[in-house]
Amino acid sequence: MLRAAGVGVGDEVVVPAFGNVEVAEAVALAGALPVFADIDPDTYCLDASPVEAALTPRTAAVVVVHRFGRPADMGSLHRIGERHGLLVLERGESEAPYDEIARRRQRAAYLDGKLRGVRTPDGGDGHTYQQYVVRVPGNGRPDRDAFARAVRGRGVECRVPVKTPVHRMPGFRRCVSLPETERAVDETLALPVEAALTKRDMQRIVSACNALGGLLQPAY
């Protein structure tokens, strides 16, 4: 899409650093320079204000990636594109059948109501819960990685969704301030929310997480 739009050598393309490296690689393969902007802490997608701050006369496009089933604020991002004459591209996630999304939302609602000591995801704007991503506060107490190890020790699978931001990876290292990206990399943890999970599975997830709640600072 970048090449078809004429983006190439000498151009800059604003992309997120929170997520997979493939988007930055695609920009580089087109001959352009990836420029990283910070994310919104609720959607984990590009935030309009940092995107606008990252623009230069060489900026040709913005690539927006929707995360975990929660869409980006495309209205604000498209308005930036219109003001500055930029191409705004979207990279979505694979769509699940409606009945599967409905079951995920049911499981997410159960977790929202039962979990303690973690910050549950913001479910606004049509969240489909491709992943159920919580925040594990640190503040000198057991951190996200310690929490994850303890939860796995209780038989619940969980995963760190983004281990290294792209602007810290070899070949794309940048000296840039992305505080929300860095915080999300340190705090986020994906808990099971698949449609096939039973009520007993959900109870086990809550029990495993809440058993550690007394070790954590209150969620912010």
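## Elements and model

Helices here are DSSP runs of H or I with at least four residues, strands are DSSP runs of E with at least two, and the elements are numbered from the N terminus. The model described below is predicted.

## Second largest pocket

The second largest pocket holds about 200 Å³ of space. Its lining is made up of 13 residues, and those nearest the centre are Met1, Leu2, Ala26, Val63 and Leu89. Two or more lining residues come from each of the elements H1 and strand E4 (87-91). Helix H1 gives the largest share of this lining, with 5 residues.

By residue class, the lining of the second largest pocket contains 9 nonpolar and 4 charged residues, and no polar ones.

## Largest pocket

The lining of the largest pocket divides into 5 nonpolar, 5 polar and 4 charged residues.

## Strands E1 and E2

Strand E1 covers residues 12-16 and runs parallel to E2, with 5 bridges joining the two strands. One of the paired positions is Val14, whose bridge partner in E2 is Val35. From E1 the chain passes through helix H1 (residues 22-29) and on to E2, and this β-α-β crossover is right-handed. Helix H1, the connecting element in this crossover, is also the helix that gives 5 residues to the lining of the second largest pocket.

Is strand E2 mostly covered or mostly open? Of the 5 residues in E2 (residues 33-37), 4 are buried, so the strand is mostly covered, given that buried means under 20% relative accessible area.

## Salt bridges within helices

The structure holds 11 salt bridges. One of them joins the side chains of Asp99 and Arg103, with an N to O distance of 3.7 Å. Why are Asp99 and Arg103 separated by about one helical turn? The two residues are 4 apart in helix H4 (residues 98-114), which means about one turn of helix lies between them. Asp99 has 42% relative accessibility and therefore counts as partly exposed. Arg103 is also partly exposed, because its relative accessible area is 33%.

Another salt bridge joins the side chains of Arg183 and Glu180, at 3.1 Å from N to O. Both residues belong to helix H6 (residues 179-187), where they are 3 residues apart, about one turn of the helix. Arg183 has a relative accessibility of 36%, so it counts as partly exposed. Glu180 is partly exposed as well, because its relative accessible area is 22%.

## Salt bridge between Asp145 and Arg144

The side chains of Asp145 and Arg144 form a salt bridge with an N to O distance of 2.7 Å. Side chains of opposite charge can pair when their charged atoms come close.

Arg144 has a relative accessibility of 7%, so it counts as buried. The cut-off behind this assignment is 20%: a residue under that value is buried, and one over 50% is exposed.

Methods:
Residues numbered from 1 in each chain as written. Predicted model: local features only at pLDDT ≥ 70, side-chain atom pairs only at ≥ 80, totals over all residues. Heavy atoms only, no water. Buried < 20%, exposed > 50% of the residue type's maximum accessible area, 1.4 Å probe, protein only. Pairing = 2+ DSSP bridges. Right-handed = clockwise from strand over helix to strand, strands pointing away. Nonpolar A, V, L, I, M, F, W, Y, C, P; charged D, E, K, R; others polar. 1 Å grid on protein atoms, 1.4 Å probe; cavity = no way out; pocket = protein on both sides within 12 Å on 5 of 7 lines; lining within 4 Å. Points joined across faces, edges and corners; volume = space filled by probe spheres on them. Salt bridge = Lys/Arg side-chain N within 4 Å of Asp/Glu carboxyl O.
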